[in-house]
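These are my notebook entries on one protein chain. I set down here what I looked up, entry by entry.

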Amino acid sequence: MDGAKRGAGRATTIVDIARAAGVSKSTVSLVLKESPLVKPATRERIMRAIDQLGYVYNRSAASLRTARSSFVGMVISDLMNPFFTELAVGIEDGLHNMGFVPILANTNEDVGRQTKVLQSLREHGVAGIIMSPARGTDVWSLAETLPRSLPMVLTMRRVDGSTLPYIGPDNRTGSREAVTHLINLGHRSIAFFGGYSTMTTQRERISGYRDALIAAGLPLHDELIFESMPTRAGGAESLAAALASPLKPTAAFCYNDIVAMGATRALGLRGIRVGIDFAVIGFDDIVEAEHNAPPLTTVNADTRIMGTRAARSLLGLIDGADPEAMSYTGTTRLVVRESCGGHRRETFKETA
């Protein structure tokens, strides 16, 4: 790009450098600050563009922006949920090790609030954003709120139609393994508790739930899917509806551990023995799961590792990496504890 194309008399900017080198503005800034985060090949490409365009770095002016350029937005959908707290810790660990500081924001599952948070982070010049989207987030609102040049990674919840890198566990495989375990214990009427069909994560976990039933030759009953808020109260609400169902489920696979804890609490209050009269399995394996009463069988999703991977992917984008290569799907494993009765040999009884 020559001076005429840039505009007569206009000084070359880092935007011009970024465009010529095929990288983000943030990556050019990192090179100018001699950051070790940029790969040698990318650094060399940027330096060639700087030489070709005759760019002169105003270090004194740039120093005024240094504090902002070292910050990354960390947008979490529900910090009241211990799962997301553990995720945030993992993200923070990853960012800290790479020399970045997170600006934490909780959207409380409010899309309008999320939009304002994203706009504010953009105005404050963050280097990038890691976000667990609020329920109802759509690709169009994201496109309107954020420029394509701002590096961004989604974690734990996909946004339909989005091409942004996504970091999360293999929800479908983990769910299939959990429900298969219940089937192997002798259950034939298994409910699904929690979440809503508008949530991509819920749809993925229900897909795994259905996979297991189909593989075992069991019928699929939509009436055994009890949607509710992904909270303890939602778990109690789903349990109450399930116990009133004519299909009389003897087990439930839950959207997450918090829903499962609400269900086990509700069962206990009714005098129904968890793991004996009714089996429950959660998803996430948060720290609290092991200390639930009774200890909760759950699908471990390596939450802290997911957070660290999200940080690495974002730094990869800032470093000019191919966005398609920055997505990551983590493996899951079933952790068997007392809530599913996996340690028992008796056949489960139907609850009244």
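Predicted model: local features only at pLDDT ≥ 70, side-chain atom pairs only at ≥ 80, totals over all residues.

**Entry 1: the loop with P294.** With that rule I placed P294 in the loop between β9 (279-284) and β10 (297-300). I then looked up the peptide bond from A293 to P294 and found that this bond is cis, with omega near -5°.

**Entry 2: the whole chain.** I looked up the elements and found 14 helices and twelve strands. Along the principal axes, the C-alpha atoms fill a box of roughly 85 × 35 × 30 Å. The chain has 352 residues, and 53% of them are buried. I next turned to contacts between residues at least 6 apart in sequence: 72% of these join residues at least 24 apart. The chain exposes about 16,200 Å², of which carbon and sulfur atoms supply 52%. For charge, I recorded 39 positive and 36 negative side chains, with the centres of the two sets 4 Å apart.

**Entry 3: the nonpolar cores.** Which residues have the most contacts inside the largest nonpolar core? They are F193, F253 and F278, in a core of 86 residues. Apart from that core lies another, of 15 residues, including M131, L142, L146 and Y166.

**Entry 4: aromatic rings.** I found five aromatic pairs in the structure. One of them joins F192 and Y209, with 5.8 Å from centre to centre and 65° between the planes. Why is this pair called edge-to-face? The pair is edge-to-face because its planes are 65° apart and the label applies to angles over 60 degrees. F192 belongs to strand β6 (residues 190-193) and Y209 to helix α11 (residues 200-215), so the pair links distant parts of the chain, 17 residues apart. I checked the burial of both partners: F192 has a relative accessible area of 0% and is buried, and Y209 is buried at 2%. Ring pairs also link F192 and Y209 with F253 and F283 into a cluster.

**Entry 5: helix α2 and the residue after it.** In helix α2 (residues 14-21), I listed I14, D16, I17, A18 and A21 as buried. An α-helix has 3.6 residues a turn, so residues three or four places apart point the same way. After α2 comes G22, whose phi is positive, near 70°.

**Entry 6: T42.** Is T42 buried or exposed? T42 is buried, because its relative accessible area is 7% and the limit is under 20%. T42 sits in helix α4 (residues 40-53). Leaving out residues up to four places away in sequence, I found that T42 touches V23, T27 and D319.

Entry 7: K248 is not a glycine, yet its phi is positive, near 45°. I located K248 in the loop between α12 (232-243) and β8 (251-254), and at 34% relative accessibility K248 counts as partly exposed. D302 is a further non-glycine residue with positive phi, about 50°. Its place is the loop between β10 and α14 (303-318). D302 is partly exposed, with a relative accessible area of 35%.

Conventions: Residues numbered from 1 in each chain as written. Heavy atoms only, no water. Buried < 20%, exposed > 50% of the residue type's maximum accessible area, 1.4 Å probe, protein only. Helix = DSSP H or I, 4+ residues; strand = E, 2+ residues; numbered from the N terminus. Contact = heavy atoms within 4.5 Å. Areas by Shrake-Rupley, 256 points an atom, 1.4 Å probe, with all protein chains shown as cover. Lys, Arg positive; Asp, Glu negative; His and termini not counted. Charge placed at Lys NZ, Arg CZ, Asp CG, Glu CD. Core = buried A, V, L, I, M, F, W, Y, C linked by side-chain atoms within 4.5 Å. Phe/Tyr/Trp six-rings, centres within 6.5 Å; stacked < 30°, edge-to-face > 60°.
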